[in-house]
Amino acid sequence: MKHTTMKLALTSALAITAGMAYAETTDITIGIQLEPPHLDPTGAAAGAIDSVVYANIFEGLTRFAADGSIMPALAESWMISEDGLTYTFSLHSGVKFHDGTSMDSEDVKFSLDRARAEESTNAQKALFAGIDSVEALDATTVRVNLSAPNGAFLFNLAWGDAVIVAPESIDDAKTHPVGTGPFVFTNWVQGDQITISKNADYWGTPAKLNNATFKFISDPTAAFAAVMAEDVDVFPGFPAPENLPQFEADPRFQVLVGSTEGETILSTNNKMPPFDNVKVREALAHAIDRQAIIDGAMFGYGTPIGTHFAPHNPDYVDLTAQSNYDPELAKSMLAEAGFPDGFETTLKLPPPSYARRGGEIIAAQLREVGINVEISNLEWAQWLEQVFRGYDFGLTIVSHTEPMDIGIYARPEYYFQYDSTAFQELMEDLNAATEPDDRSFILKAAQRMIADDYVNGYLFQLASTTVANANIVGLWQNAPTQATDLTAVYWND
Amino acid sequence: MLRYTLKRMLSLGLSLLAASVVIFVAIEVVPGDPASYMLGINAQPDTIAALREELGLNVSAMTRYITWITGMMTGDFGTSYTYRTPVVDMIGDRIMISLPLAIYALTLSTLIAFPAGILAASRRGSVADVSVMGVTQLGVAVPNFWFAMLLVLVFSINLRWFSAGGFPGWDKGLFVGLKALTLPAIALALPQASILARVMRSSLIDTMSEDFIRTARAKGLSKRQALWRHALRNAMIPVLTIIGLQFSFLMAGAIIIENVFFLPGLGRLVFQSISQRDLIVVESVVMLLVFAVVLVTFIVDIAYAAVDPRLRRRS
């Protein structure tokens, strides 16, 4: 009897708290794993910055849609000259920055010139390398002159690193970002949370939410507890894939599984013997069982890839069969290359779990064909120093999360050091091509070329896994860029 | 007492100077460049060079050490590489969580340990003693992060009495702030209380068998009177030592608990800064923690002298 009363009291207490929660359905709390170092997307590579500000606070001339396609943003429309060298953008009129100043062509010129300047600290400066000059023709018209045709130019402008900022507010943007987006920055409790609120004066479709709070929860167990306790409503990039089935079974939650731009690869030092021998790299490719890695390291979330390209892209070519799992073939290839007894090498792993867990599995698979790898676990800063800048590695595992980054294979100094003139010419052709059909043809050829050269071990496309309250609508399922686009998000009562 | 205090202060100053050199050298030799970390894998070498210049990383280590140490003496801890905000503000914010949490946990642990330890010592061999010993044995053995997760599971996920973590800020009110720190404080206090209770008990038992207690008993004091009037004060020395150590540990070592409850405390700041190679923050926080530890030791030393007049005379 006593128990029943207790239970009743508890249930009614819960009902009251639940009722209170429903009263504020224009607010949302989002869990993110990493805290942004600061909030200026044009001054660091940290994806956590874009997780908060992309599309919410800052906008560029163009932007990525949820499916990865390019949409107009601050630019209403554009005209491309016949030779592909001149882009004339018409800007939306009446756009205001959050501090009340108006956004016009001078701000666009300032932002693009700042990003490509000599003293620029833009992490993706290469995106702007082809710009020859920027002219503000009138308040809403900007002309960008390129030094060579660049078919990816509109795509480049959609990156978070290419957002439009104002000269008056950029100096304080690291702590007080001032953009043109549907949300304004409100508060940052360092180490704990960032709050953004609806921009009442937004030029476009206004946001449906009034407030959004980003809470930083790095520990996977803590993330699980926070979602279960409903302290956070959405957790994009949920860090504990092993718990996803539990959320899927719980009617309070929805789990969105999509894809990202993250090609996870077994990067191979192409200049270091024996990996300078393509036969060895081919053997390596056949020694790896991708599905075992996806199942073991990612709990089944991830799509196998056979080249460095995102499977959701219409130009993707499925080349996984070319490097199918065949340890016997791998052994015979190694013997053919002069390593009948295998060899020893290093496998340097950065912190993410795909690398640490995946590394153990790959090491075991390589041991089967006689390759003994010595695993070392590195922090990111060490990884950048030793692997990325020092070329001091045999193998490493890393997810290349930048969108459309097959162009890195044209950089011979890039850490895996693939130096192929044929590929470099192909990329030059790609930049010069503006016709969609031509670009598609070249992109497919490029994918085949790096697969034929077995430059790296192509493992899987990183999945995007979001856990959210079942009543939230409008979240991105895929992650074409790192972002938590809240512009269309609302609660369904 | 004055000479004793001065001597302790001199050793405090020297410890700090030595610590600053060790910390600076140790952190400088850690490989990894903050500028490359921040700009990621697509950055061009000239961009990294521009950022290094902006961060003031291109001057010699000696100059940086001197700037750091002289700045620190005037309360200027420099500017964080990654956050670009003054380190002193960042530490200030974090201390507003770590310090109350440490005090909260220590208060809980003392409130549990003292009665438990005294009870166990005064009724040695009784059911009470055996149960205190049993429970504290368990308390010492249970890892605090595991206990923390258990607390979250029961009180946050099932009962929904507390949120699973995070800190809403003191501006939301004292009660809200303390509520957010309650589960972490309990998780931190349990192992500490267990250790403290055991030390209290054994120290008290030892003291109770000393000659002066026998004398006191012979004068006609009951066992209870002898314990409260004479033994307790004498038994405090090892207990104070443990409390001092525990406080230092709670200030600096709450990092795992801070992670479980995602509290923005000092421990997490250090952890984050190390991975981002935000060296200036690491150096300053570690230095501050060293200062706190040395200061607590100093206070404990003074407290020894207060409870034990012999220490005063000896110096």
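**Chatting through a two-chain model**

Biologist: Which residues does Leu39(B) touch, not counting those up to four places away in sequence?

Modeller: Leaving out residues up to four places away in sequence, Leu39(B) touches Ala44(A), Ala45(A) and Ala123(A), and also Thr47(B), Ile48(B) and Leu51(B). Being in contact means here that the C-beta atoms, placed from the backbone, lie within 7 Å. Please keep in mind that this is a predicted model, in which local features need pLDDT of at least 70 and side-chain atom pairs count only at pLDDT 80 or more, while totals for chains, interfaces and linings use all residues. Residues are numbered from 1 along each chain as its sequence is written, and chains are lettered from A and ligands numbered from 1 in the order in which they are written.

Biologist: OK, and how many residues of chain A are in contact with chain B?

Modeller: On the chain A side there are 42, and they are in contact with 44 residues of chain B. The elements α1 (2-23), β10 (211-216), α5 (220-228) and α11 (380-389) of chain A each supply at least two residues of that side, and α11(A) gives the most, with seven. Helices (H or I, at least four residues) and strands (E, at least two) are DSSP runs, numbered from the N terminus.

Biologist: Which residues have the most contacts inside the largest nonpolar core?

Modeller: They are Ala223(A), Ala226(A), Leu39(B) and Val285(B), in a core of 220 residues. The largest share of this core, 15 residues, comes from helix α8 (residues 174-208) of chain B. Such a core is a set of buried Ala, Val, Leu, Ile, Met, Phe, Trp, Tyr and Cys residues joined through C-beta atoms within 7 Å, where buried means 20 or more other C-beta atoms within 10 Å of a residue's own, and exposed means 12 or fewer.

Biologist: In which sense do β12 and β17(A) pair?

Modeller: Strand β12 (residues 253-268) of chain A pairs with β17(A) in the antiparallel sense over 11 bridges, with Phe253(A) opposite Asn469(A); pairing requires at least two DSSP bridges. Strand β11 (residues 234-235) of chain A also pairs with β17(A) in the antiparallel sense, over two bridges, and there Val234(A) stands opposite Ala468(A). Two bridges likewise join β13 (residues 303-304) of chain A to β17(A), again antiparallel, and Pro304(A) faces Phe460(A).

Biologist: And which residues of α12(A) are buried?

Modeller: Those are Phe423(A), Leu430(A) and Asn431(A), and the buried residues of α12(A) pack against α13 (436-452) of chain A. On the other side of α12(A), Thr421(A), Ala422(A) and Glu425(A) are exposed.

Note on methods: Contact = placed C-beta atoms within 7 Å.
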